[in-house]
Amino acid sequence: MTKFTDYGLRVLMALAVTQERALGGGQIAAQYGISQHHVAKIATALVAGGFVLSERGRGGGLRLARPAKDIRLGAVVRHLSKSDVLVECMGQGSSCCILPACGLRSPLQEAQEAFFTVLDGYTVADTVAQGDSLRKLLAV
């Protein structure tokens, strides 16, 4: 999993423990020690995927688009990593010279689907079961 996807999940967790109010991108960036620009890119992707709402103006910021219990981790990871491939031959326009005889692609596709199947069994709400502890750690 890429850092982009990892931080995307962390953004959702921060939003899940602060459902009563929106969080600004700068606040989230400070919580996790990452750049505000990176959080903005992640937020854009999460909004495009229908996981997050972005509100402008006073009191604005980011909020979950639906309850945390309705956001499946598998759907989030699929959305955020849709352009990532495990190996070249699983992507578009592969130029691998052994592709016609290679037996690696199928097991890797199977393993990737197993990974997503496990994540489909969990929601964002499951990741914030220790909400009070997370709020303290994130200082929200």
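This is a predicted model: local features need pLDDT of at least 70, side-chain atom pairs count only at pLDDT 80 or more; totals for chains, interfaces and linings use all residues.

User: Which pattern does the protein chain follow along the sequence?

Analyst: The order is α-α-α-β-β-α-α-α-α, which comes to 7 helices and 2 strands. Among contacts between residues at least 6 apart in sequence, 65% join residues at least 24 apart.

User: Why is Ser81 called buried?

Analyst: Buried means under 20% relative accessible area, and Ser81, at 13% relative accessibility, therefore counts as buried. Ser81 is found in the loop between helix H4 (73-80) and helix H5 (105-120), and, leaving aside neighbours within four places in sequence, Ser81 is in contact with Thr5 and Phe116.

User: What makes the pairing of Ser81 with Val77 a polar contact?

Analyst: The pair must consist of N or O atoms within 3.5 Å, one able to donate a hydrogen and the other to accept it. A polar atom of the Ser81 side chain lies 2.5 Å from the backbone oxygen of Val77, so the distance falls within the 3.5 Å cut-off.

User: How do you know that Thr5 is buried, and where does Thr5 lie?

Analyst: Thr5 lies in helix H1, and because its relative accessibility is 0%, Thr5 counts as buried, the cut-off being under 20%. Not counting residues up to four places away in sequence, Thr5 touches Val77, Leu80, Ser81 and Asp84. Thr5 and Ser81 are 76 residues apart along the chain, yet their C-alpha atoms are separated by 6.4 Å.

User: What puts the buried residues of H2 on the same side of that helix?

Analyst: The buried residues of helix H2 (residues 25-32) are Ile28, Ala29, Gln31 and Tyr32. They cover an arc of only 160 degrees around the axis, and therefore they sit on the same side of H2. These buried residues pack against helix H1 (3-16), helix H3 (36-48), strand E2 (61-64) and helix H7 (131-138). H2 is followed by Gly33, whose phi is positive, near 70 degrees.

User: Why is Asp70 called partly exposed, rather than buried or exposed?

Analyst: Partly exposed is the class between under 20% for buried and over 50% for exposed, and Asp70, at 37% relative accessibility, therefore counts as partly exposed. Asp70 has its place in the loop between E2 and H4. In space, Asp70 and Val124 are 7.8 Å apart, C-alpha to C-alpha, although 54 residues separate them in sequence.

User: How many charged side chains does the protein chain have, and how far apart are the centres of the two sets?

Analyst: The protein chain has 15 positive and 11 negative side chains, and the centres of the two sets lie 8 Å apart.

Key: Residues are numbered from 1 along each chain as its sequence is written. Side-chain values use heavy atoms; hydrogens and water are left out. Helices (H or I, at least four residues) and strands (E, at least two) are DSSP runs, numbered from the N terminus. Contact means heavy atoms within 4.5 Å. Lys and Arg count as positive and Asp and Glu as negative; His and the chain ends are not counted. The place of a charge is taken as NZ of Lys, CZ of Arg, CG of Asp or CD of Glu. Buried means under 20% relative accessible area, exposed over 50%, partly exposed in between (1.4 Å probe, protein chains only). The arc is that of the directions from the helix axis to the C-beta atoms.
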